[in-house]
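Trainee: I would like to learn how to read a protein model step by step. Could we go through one together?

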Amino acid sequence: MLILLPPSETKKVATTGQAFEMNELSFPELSAARHRVLEELQEISRHPEALKLLGVGASLEEEVRRNLELHEASAAPAYEIYNGVLYDALSMSSLGPKAKQRVVSSVVVVSALWGAVGFGDRIPAYRLSMGTKLGRIGNLSSYWRSEMKESMDRRAEGQLIIDCRSSSYAAAWKAPLEQTVSIGVKQRHDGKLKVITHAAKLTRGELVRELATSRRKEPTTPKELLALVKTVWPDSTLEPASAKAEHKIHIVLPAAE
């Protein structure tokens, strides 16, 4: 099982611990590509128009300035650095040792800075989004699509891929359609099912937690994954893969009151 997550825009700053080591990250063959992005990010973060170039507002100036100190900043496991709705719903700190290990071994976060990073890899907090056109590198999703294809293809071999990424991060690696299940979220309003976005991140976090804590056998097929999903969200459905699209599970939340 391979679970693909997007990073959070906001990140928790590690206050203790040593700096990260590039060669200790998962997928060490991506080190050169990561160095290039990191150097370009730091150069742009020094620029007088850094906020504009990185597409962020004045309130994030401190986060952009933090990009200049990534080699010296304290690092912590990725699951402690990334936060926000999805990660709060997953709540790694409340999992038992076996469940936590299951998540760490299964989750890969697709990242604008690192390309792909293991959930237990030690990283610092940083500010960079996949939608950014980064200086001489340009479009980051295009850059990483070419740089990490071989690494991610190897990691995904023989695995059921559960794709919880947003569209910009999904563009950085095209997962094999027959092996992949993307997760959508719907809710019934006035008798009609409607796609919702405001609760999608929370629901995906709850799904990853369910995968970690369930006593059922780890799913190896889309149908087995649907069976697990339906133990929590019984009205959920599976849309089979086509020649152009992956399998899709539509989690159906209880009707809005």
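Mentor: We shall take the core, the backbone angles, one arginine and the salt bridges in turn.

Trainee: What should I know about the model before we start?

Mentor: This is a predicted model, in which local features need pLDDT of at least 70 and side-chain atom pairs count only at pLDDT 80 or more, whereas totals for chains, interfaces and linings use all residues. Residues are numbered from 1 along each chain as its sequence is written, and side-chain values use heavy atoms, with hydrogens and water left out.

Trainee: How many residues are in the largest nonpolar core, and which touch the most other members?

Mentor: In soluble globular proteins, nonpolar side chains tend to be buried together. A nonpolar core is a set of buried Ala, Val, Leu, Ile, Met, Phe, Trp, Tyr and Cys residues joined through side-chain atoms within 4.5 Å, where buried means under 20% relative accessible area, exposed means over 50%, and partly exposed lies in between (1.4 Å probe, protein chains only). Here the largest core has 84 residues, and those that touch the most other members are Leu5, Trp114, Phe119 and Leu128. If residues up to four places away in sequence are not counted, the residues that Phe119 touches (contact means heavy atoms within 4.5 Å) include Leu5, Tyr79, Met92 and Val109.

Trainee: Which residues other than glycine have a positive phi, and where do they lie?

Mentor: One of them is Phe27, with a phi of about 55°, and it lies in the loop between β1 (2-5) and α1 (31-46); helices (H or I, at least four residues) and strands (E, at least two) are DSSP runs, numbered from the N terminus. Phe27 is buried, at a relative accessible area of 11%. Another is Ser91, whose phi is near 50°; Ser91 lies in the loop between α5 (85-90) and α6 (97-106) and is partly exposed, at 22%.

Trainee: Is Arg165 buried or exposed, and what does its side chain meet?

Mentor: Arg165, in the loop between β8 (161-163) and α9 (167-170), is buried, with a relative accessible area of 8%. A polar contact is a pair of N or O atoms within 3.5 Å; within protein, one must be able to donate a hydrogen and the other to accept it, and residues adjacent in sequence count only if both atoms are side-chain atoms. The side chain of Arg165 makes such a contact of 2.8 Å with the side chain of Asp163, and a polar atom of the Arg165 side chain lies 3.2 Å from the backbone oxygen of Tyr169. Beyond its neighbours within four places in sequence, Arg165 also touches residues including Leu4, Val110 and Trp173.

Trainee: How many salt bridges does the structure hold?

Mentor: Side chains of opposite charge can pair when their charged atoms come close. A salt bridge is a side-chain nitrogen of Lys or Arg within 4 Å of a carboxyl oxygen of Asp or Glu, and the structure holds ten. One of them joins Glu29 and Arg154 at 3.3 Å, N to O; because Glu29 lies in the loop between β1 and α1 and Arg154 in helix α8 (residues 149-156), this pair ties together parts that are 125 residues apart in sequence.
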